[in-house]
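Subject: Structure for you to look at

Hi,

Here is the structure I promised to send over. Please open it first, then read my notes below.

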Amino acid sequence: RLEELSITDALTGIANRRQFDMVLDREYERHTQTAGNLALIFIDIDYFKNYNDFYGHQMGDQVISAIAKMIKSSIRHMDFIARYGGEEFVVLLPETSAQGAYAVATNIYRAIDRQMIPHEKSLVSNHVTISLGITVFNGNPKISQDSVIHTADKALYRAKQLGRNQIYYQPLPSVE
């Protein structure tokens with residue numbers, strides 16, 4: 001029971017950052033050995049600080065929980081979701097190409113959009129929106145796990161930079 005508590009996010013019931021790190025280690029290793037694709041999606045709730053400031057932290061917590069559930073219901077049973085921190089989530093998609101990852105990201109995006117959760121203080125919409133950043137690891141052992149995380153994070157940052165409320169794909173840097 002203690003171990004389960006140590007790897008589960010108390011608010012959402014999904015995996016926490018600690019469990020994500022362990023699962024990523026395992027999946028990175030496995031995909032390095034099989035040369036298979038491992039897609040990562042970083043997801044961030046747009047203008048969430050504004051949401052919390054206007055609606056209060058209890059409502060903010062409800063939104064985080066609702067979004068976690070929507071993400072979870074938009075992915076396959078073999079996929080993995082974790083709360084990365086604050087209002088940020090990460091999804092691991094084993095054996096998934098860039099095209100497949102983009103399709104999953106689109107499903108997640110649409111699921112959140114359909115909920116039409118009011119957000120008067122958003123600068124991009126009158127309801128809660130998300131930004132998503134994607135990258136795909138191809139099993140190349142010359143590409144570090146840190147580089148994979150950094151690239152997915154960069155993709156999320158780029159989605160936000162381009163105006164939020166969108167999906168951005170960033171390929172991994174090429175290595176010789």
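Start with the lining of the largest pocket: its residues divide into five nonpolar, four polar and three charged. One caution before going on: this is a predicted model.

The pocket

The largest pocket holds about 160 Å³ of space. Its lining draws on Thr 8, Gly 13, Ile 14, Ala 15 and Gln 19, among others. Lys 72, Ile 75, Arg 76 and His 77 also line the largest pocket. Asp 79, Phe 80 and Ile 81 complete the list.

Helices H3 and H4

Helix H3 covers residues 48-55. H3 packs on H4 at an angle of about 135 degrees, and the two axes are 7 Å apart. H3 is therefore oblique to H4. Which residues make the contact? On the H3 side they are Phe 48, Tyr 51, Asn 52 and Tyr 55. H4 supplies His 57, Met 59, Gly 60, Val 63 and Ile 64. Sorted by type, the residues of this contact come to six nonpolar, three polar and no charged.

Helices H4 and H5

H4 (residues 57-73) also meets H5 (residues 98-115). Their axes come within 9 Å and cross at roughly 135 degrees. H4 and H5 are therefore oblique to each other. Is the crossing left-handed or right-handed? H4 passes H5 in a right-handed crossing. From H4, the contact uses Ile 67, Met 70 and Ile 71. From H5, it uses Ile 108, Ala 111, Ile 112 and Gln 115. The residues of the H4 contact with H5 split into six nonpolar, one polar and no charged.

Gln 170

Where does Gln 170 sit? It is in the segment after strand E5 (167-169). Leaving aside residues up to four places away in sequence, Gln 170 touches Ile 134, Thr 135, Thr 151, Lys 154 and Ala 155. Gln 170 and Leu 156 are 14 residues apart along the chain. Their C-alpha atoms are separated by 8.8 Å.

Best wishes

Methods. Residues numbered from 1 in each chain as written. Predicted model: local features only at pLDDT ≥ 70, side-chain atom pairs only at ≥ 80, totals over all residues. Heavy atoms only, no water. 1 Å grid on protein atoms, 1.4 Å probe; cavity = no way out; pocket = protein on both sides within 12 Å on 5 of 7 lines; lining within 4 Å. Points joined across faces, edges and corners; volume = space filled by probe spheres on them. Nonpolar A, V, L, I, M, F, W, Y, C, P; charged D, E, K, R; others polar. Axes fitted to C-alpha atoms, helices over the stretch in contact; angles between N-to-C directions. Helix = DSSP H or I, 4+ residues; strand = E, 2+ residues; numbered from the N terminus. Parallel < 35°, antiparallel > 145°, perpendicular 65-115°, else oblique. Left-handed = near helix turned anticlockwise from the far one by under 90°. Contact = heavy atoms within 4.5 Å.
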